[in-house]
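Here's a quick briefing to read with the model open. Have a look first, then go through the points by topic.

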Amino acid sequence: MAVVEMVMPKMGESVMEGTILTWLKQVGETIEEDESILEVATDKVDTEIPAISAGVLKEVLAQEGDVVQIGKPIAIIEVTEDVDVDTDDVPEPAATAAVTSISESIKNVVLDHGASSNTAEKIPANSSTGKFYSPLVRNIAKEENISLAELESLLGTGKDGRVTKNDLLTYLDQKGGSQATTSGALNVSSFSSSVKGRTTPEPMPVLVSAEDEIIEMDRMRKMIADRMVTSKAISPHVTSFVEADVTPIVKWRNQKKQTFKEREGQSLTFTPIIIEAVTMAIKDYPMINIQVDGDKIIKKGSINIGMAVALPSGNLIVPVIKNADQLSLLGITKAVNDLAKRARENKLKPDELSGGTFTVSNVGSFGNVMGTPIIMQPQVAIMALGAIQKKPAVIETLEGDMIGIRHKMFLSHSYDHRVVDGALGGMVVRRVADYLEQFDMNREI
């Protein structure tokens, strides 16, 4: 019988390793192709990994709790029948190139500070105290001259207290040696030169009394907290506001939602209508669809809209609608409903959480009229959608101005003032409002 080696698959951009959480199948068990056989955690999401071929799980090469680089073998599957395994479908071992890229970035930082990595202490994978350090953590520690004693002193946020890449980058940032981005990569740029020398302010001491409850942050909340702080440190945020008259889309949705529900078996909400308007505005102003790489601006070729979704746990996750500008309103609606549903059920794939170029956050779903959202790095803009409210408004008619009841909502556009000036940021949100106000009520879906 033939055997197939299963490797750690690619888990989205900037993800170079995964932690084995649970093996869902045991050695000797029969598995079907595409059947989930293990659960893996990354710094973006916990996800189930499907088998690449039908057969019997012959050998497990990585144990629960192990940190495995992308492209490294994790299991051996004994194929029960002659199956042609297309090697083109097997993920490329991208970890080495990714780690090399980060290493080069770190070297530049070290050179800037006059440090040398040649004298760096060799960090073992397993220390004498029982702590495990992943290859990526050891590589960063070597390049930044972080000693084993320093690593031992860090309080890790990973499984069983493991020191993660983010823990180490946060520590380096506090030392003023490097700048971490929310995607997990190092941002070595002239823009961050003034940030390098800063020290993170010490938090105010918290007084705990007997009636207080102490709640430990879960892993996702720790990541969210780290990314929000990092984004504010990287990007000087500015927010522009526009109040839009969305009466046309309210009337149109009221006319279509019942027949749409009966035909498609799902709800027609305002979110996909607004996302469509956002994609059209981005096409009109493509310089809002950019990212910053050092002193270079990367103008993205695709319009991928991130959509913030609140989870039952209270945490937030942002699945991405890829190539949103190429979808019809029906396509966007189905994508919004599907991603939101699977996000709440923890069934998103890693690739569905990466590659966003612009994000929207519907704060109106919580009854908020407006918000000032924080940018998802490495994007440069995010838009908050406020609650739709009935308001008295002046209406221009052929007979003159009149007072009428209109449906209004606030759009809040936060953008990175390093590369987006107020004129562009303001014009983008105004254009979104224009598309909503000029919505064709005769269109079909």
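Is aspartate 434 buried, partly exposed or exposed? Aspartate 434 is partly exposed, with a relative accessible area of 23%; buried means under 20% relative accessible area, exposed over 50%, and partly exposed in between, using a 1.4 Å probe and protein chains only. One thing to keep in mind is that this is a predicted model, where local features need pLDDT of at least 70, side-chain atom pairs count only at pLDDT 80 or more, and totals for chains, interfaces and linings use all residues. Residues are numbered from 1 along each chain as its sequence is written, and side-chain values use heavy atoms, with hydrogens and water left out.

**Confidence**

- The chain has a mean pLDDT of 82, and 82% of its residues reach 70 or more; pLDDT is the predictor's confidence in each residue, from 0 to 100.
- Residues 83–120 stay under 50 in pLDDT, and the model gives them 54 contacts beyond four places in sequence (contact means heavy atoms within 4.5 Å).
- The stretch 177–197 is also below 50, with 64 contacts in the model beyond near neighbours in sequence.
- Where pLDDT is low, the predicted coordinates should not be read in detail.

**Salt bridges**

- The structure holds 19 salt bridges, each one a side-chain nitrogen of Lys or Arg within 4 Å of a carboxyl oxygen of Asp or Glu.
- Aspartate 434 meets arginine 430 in one of them, at 3.0 Å from N to O.
- Arginine 430 and aspartate 434 are separated by about one helical turn because they sit 4 residues apart in helix H10 (residues 422–437); helices (H or I, at least four residues) and strands (E, at least two) are DSSP runs, numbered from the N terminus.
- Arginine 430 is partly exposed too, with a relative accessible area of 30%.
- Salt bridges that share partners also join Lys25, Glu29 and Glu35 into one network.
- In helix H9, arginine 342 and aspartate 338 are likewise 4 residues apart, about one turn of the helix, and their salt bridge has its closest N and O atoms 2.9 Å apart.
- Arginine 342 counts as buried at 17% relative accessibility, while aspartate 338 is partly exposed at 35%.
- Arginine 418 and aspartate 416 form a salt bridge with their closest N and O atoms 2.8 Å apart.
- For that pair, aspartate 416 is buried at a relative accessible area of 0%, and arginine 418 is partly exposed at 22%.

**Rings**

- There is 1 aromatic pair, where rings of Phe, Tyr and Trp (its six-membered ring) pair if their centres lie within 6.5 Å; planes under 30 degrees apart count as stacked, over 60 as edge-to-face and the rest as tilted.
- The partners are tryptophan 252 and phenylalanine 439, edge-to-face at 5.0 Å centre to centre with 65° between the planes.
- Tryptophan 252 lies in helix H7 (residues 247–264) and phenylalanine 439 in the segment after H10, so the pair ties together parts that are 187 residues apart in sequence.
- Tryptophan 252 is buried at 0% relative accessibility, and phenylalanine 439 is buried at 10%.
- Arginine 253 has its charged end over the ring of phenylalanine 270, 4.6 Å from the ring's centre; the rule asks for NZ of Lys or CZ of Arg within 6 Å of the ring centre and within 35 degrees of the ring normal.

**Strands**

- Strand E2 (residues 17–23) pairs with strand E4 (residues 36–41) in the antiparallel sense over 4 bridges, given that two strands pair if DSSP finds at least two bridges between them.
- Threonine 22 stands opposite glutamate 39 in E4.
- E4 also pairs with strand E5 (residues 46–50), again antiparallel, over 5 bridges.
- Serine 36 has proline 50 in E5 as its bridge partner.

- Glutamine 377 and proline 378 are joined by a cis peptide bond, with omega about 5°.
- Proline 378 is in the loop between strand E16 (358–361) and strand E17 (381–385).
- Asparagine 145, though not a glycine, has a positive phi of about 60°; asparagine 145 is in the loop between helix H2 (135–143) and helix H3 (148–153) and is partly exposed at 27% relative accessibility.
- Asparagine 323, also not a glycine, has a positive phi of about 50°; asparagine 323 is in the loop between strand E15 (320–321) and helix H9 (329–344) and is partly exposed at 28%.
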